[in-house]
Protein chains: 2
Amino acid sequence: MDIQLKRGLLDVCVLAAIRSEDSYGYKIIKDMKPYIELSESTLYTILKRLEAANMLTVQTAEHGGRLRKYYRITRAGEKRIEEFKADWKEILSIYRFVTKEGNDND
Amino acid sequence: MDIQLKRGLLDVCVLAAIRSEDSYGYKIIKDMKPYIELSESTLYTILKRLEAANMLTVQTAEHGGRLRKYYRITRAGEKRIEEFKADWKEILSIYRFVTKEGNDND
DNA sequence: TGTTATATATCGTATCACGAGGTATTGTTG
DNA sequence: CAACAATACCTCGTGATACGATATATAACA
């Protein structure tokens, strides 16, 4: 997928990945993989950004001797998803504009 | 609309705006306005980029004493639109991922 | 004269995905 | 044990890019 297109989808995808259940970095990447791929450096950058924007909270937990940082979505994060849904109407309008067989003079 | 989301749509929107008929900067902005808004500085940056990528060609013409640069889409530009259509399938998949498991109606 | 519309262009800034690289532990295999 | 993969986190530099601010110039109009 076009990298610029990804930019507008990644944040909201990460939020969706932790929406139903708290999750951690490594797992988020795996869960998102069928839909959209991203590198670790990208994901951790996004998580930091979303935390700074209060769209998720984090708590560290130990699991099998390894450290895990569990992320939980906040109300602001859920609102971000709602905003994406609102944007979706515009995206559909743009899609129709781009895909319509332009011939008539409008 | 979210600015990051715009990033992935603007290029292809500009191409769509000149697809059916050659057009120029000022008119492109107006034609796109119902679907997506962009500033002049953004548009001219995009036109330069698309020209450098051979997705459009340009020819200058005078109109009522004022200079106009008419842009015409190339085969590469049309291919770019086709690539967007291909990306669309992934976008839909992501949309479903983001909006699913919301038991609440909306 | 002054203002708005038309029409193009450049520059600096902020944002952001990603590759490259780093740290550390657990599990597995020869 | 040694070697390596998998798990799990993090930082830094770079390139891409939307946009506000700014500049230039003509036409239309009050």
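How many residues of chain B are in contact with chain A, and how many of chain A with chain B? In this predicted model, 33 residues of chain B are in contact with 35 residues of chain A.

**View 1. The area buried between chain B and chain A.** The two chains bury about 3600 Å² between them, and 68% of that area is on carbon and sulfur atoms. On the side of chain B, Y35(B), F97(B) and V98(B) lose the most area to chain A, together 19% of what that side buries.

**View 2. Polar and charged pairs between the chains.** Across this interface there are 2 salt bridges, and D2(B) and R80(A) meet through their side chains in a salt bridge with an N to O distance of 3.8 Å. The interface also holds 9 residue pairs in polar contact. Helix 1 (3-19) and helix 4 (75-99) of chain B are the elements that give two or more residues to the side touching chain A, and helix 4 gives the most, with 15 residues. By class, the residues on that side of chain B are 18 nonpolar, 5 polar and 10 charged.

**View 3. The protein around DNA strand C.**

**View 4. Individual atoms at DNA strand C.** A side-chain N or O atom of R68(B) is 2.5 Å from a phosphate oxygen of DNA strand C, while a backbone N or O atom of Y26(B) lies 2.8 Å from a phosphate oxygen. In chain A, a side-chain N or O atom of S41(A) is 2.8 Å from a base nitrogen of DNA strand C.

Methods: Residues numbered from 1 in each chain as written. Chains lettered and ligands numbered in written order. Predicted model: local features only at pLDDT ≥ 70, side-chain atom pairs only at ≥ 80, totals over all residues. Heavy atoms only, no water. Contact = heavy atoms within 4.5 Å. Buried area = accessible area lost by both parts, 1.4 Å probe. Salt bridge = Lys/Arg side-chain N within 4 Å of Asp/Glu carboxyl O. Polar contact = N/O pair within 3.5 Å; in protein donor to acceptor, adjacent residues only side chain to side chain. Helix = DSSP H or I, 4+ residues; strand = E, 2+ residues; numbered from the N terminus. Nonpolar A, V, L, I, M, F, W, Y, C, P; charged D, E, K, R; others polar.
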